[in-house]
There are 2 protein chains.
Amino acid sequence: MRLALEEAGRAFELDEIPVGAVLVNGGKVIARAHNLCEAGGDATSHAEILCIREASRGLGARLDGCTLYCTLEPCAMCTGAAILSRVSRIVFGAFDIRAGCCGSVIDMADGWFNHSIEVIGGVMEEECAALLHAFFSSKRRS
Amino acid sequence: MRLALEEAGRAFELDEIPVGAVLVNGGKVIARAHNLCEAGGDATSHAEILCIREASRGLGARLDGCTLYCTLEPCAMCTGAAILSRVSRIVFGAFDIRAGCCGSVIDMADGWFNHSIEVIGGVMEEECAALLHAFFSSKRRS
C-alpha cells in the first residue's frame, strides 16, 4: 500500500485525483500505476485499469493469485475489470461512499458474478484519505 | 446496431467472442470497436471500453449526449465506464443473464451512482444472440 500511495502522490503532482494502484503476484510487484484521467482525457484511465492492463501484457488476461492494492475503494468499472481478469484479492485504503463497489455502494466482488474477490478495506485509510482531502481542498481554494 | 453487428462479425473472424460496439453523437458515428480480449491478452479490451477510449481521444473524458450501441448487454466494467464518461444512452442487443449490468444481474445504469443512463435492451436481439450462439457452438465442436 505504501507503493500505491507513492503512485497516488505522482497523480497529485500531475493535478490528477490522487489515486494509485499496485498489482502484486507472489510477493512481487508486477504493475503500478496512477490515475491519468485528466492527462489522457479519458475517464477509463483509472489507476486500477492501467495496472490491470500493464499486468495483462506480461501475464495474459487471467490474473489469478494476484492482489490489487489501491488507495481508494475501486469503482464499478475497476471492480468489474478485476473480476473479469480474475484478480484474487483487493486491498484498498480509503472508502468511497459515493462510487465504491467493494462494499460502500454495493459489494460487487462478493457473489454477484462467476468470480468473487476477497476484499480488505481501510488499510492505511488515514494516509490514503488525507491525500484525497488535500487535493480537493487545494481545488476549492483555487 | 447494424454497424455494431458488423464489428461483432470482425471479432468472430478473429476468434474473439463476437461483441461489437459503436458510439454515436448527434447522429454521427464517433467510434466503433470489437472485442479484442484474446488478441491483446487483456480482459479489459471489451468492445465498449475500446469504443469509449477511442471517442475520448476526440471528445475528452465526458461523452454527454452520446449513445453507446452494443451487441451484448454491457458488463459491470463497461457499464461503469459508460457512467464515468457520462454516456447518455445505452442501446444493446442480446441480454447477458450472467454478467449483464444494464438490467440482467443488476441495473447499474439506473440510480446507483451520480449519473444515470437511459437503457434500451433487446434491439436486434435475435441477430446479436445468433452470432454469439454460432461462436460458442463452433467452440464446443472443436
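The model is a predicted one.

**Entry: what chain A brings to the interface**

I asked which elements of chain A give two or more residues to the side that touches chain B. They are helix 3 (47-59) and helix 4 of chain A. Helix 4 gives the most, with five residues. I also sorted that side of chain A by class. I got 15 nonpolar, seven polar and three charged residues.

**Entry: the interface in numbers**

I counted contacts next. On chain A, 25 residues touch 25 residues of chain B. The area buried between the chains is about 2000 Å². Carbon and sulfur atoms give 76% of that area. R53(A), L84(A) and F113(A) supply 24% of the area that chain A buries against chain B, more than any other three residues.

**Entry: how the copies are related**

I laid chain A on chain B. A turn of 180 degrees does it, with a shift of 0.0 Å along the axis and an RMSD of 0.0 Å. That is why I wrote down a two-fold axis. I then searched chain A for the C-alpha nearest the axis. It belongs to M77(A), 1.9 Å away. The same surface serves both copies, since 100% of the contact residues of chain A recur in chain B.

**Entry: helix 4 of chain B**

Is helix 4 (residues 76-84) of chain B mostly covered or mostly uncovered? I found it mostly covered, with eight of its nine residues buried. Among the buried ones are M77(B), C78(B) and I83(B). What do the buried residues pack against? I noted helix 4 (76-84) of chain A, along with helix 3 (47-59) and strand 4 (89-94) of chain B. After helix 4 of chain B comes R86(B), and its phi is positive, near 65 degrees.

**Entry: H115(A)**

I looked up one histidine of chain A. H115(A) sits in the loop between strand 4 (89-94) and strand 5 (118-120). Is H115(A) buried or exposed? Its relative accessibility is 12%, so H115(A) counts as buried. A polar atom of its side chain lies 2.8 Å from the backbone oxygen of V87(A). Leaving aside neighbours within four places in sequence, H115(A) is in contact with A82(A), I83(A), R86(A), V87(A) and A109(A).

Definitions and conventions:
Residues numbered from 1 in each chain as written. Chains lettered and ligands numbered in written order. Predicted model: local features only at pLDDT ≥ 70, side-chain atom pairs only at ≥ 80, totals over all residues. Heavy atoms only, no water. Least-squares fit on C-alpha atoms with pLDDT ≥ 70 in both. Contact = heavy atoms within 4.5 Å. Helix = DSSP H or I, 4+ residues; strand = E, 2+ residues; numbered from the N terminus. Buried < 20%, exposed > 50% of the residue type's maximum accessible area, 1.4 Å probe, protein only. Polar contact = N/O pair within 3.5 Å; in protein donor to acceptor, adjacent residues only side chain to side chain. Buried area = accessible area lost by both parts, 1.4 Å probe. Nonpolar A, V, L, I, M, F, W, Y, C, P; charged D, E, K, R; others polar.
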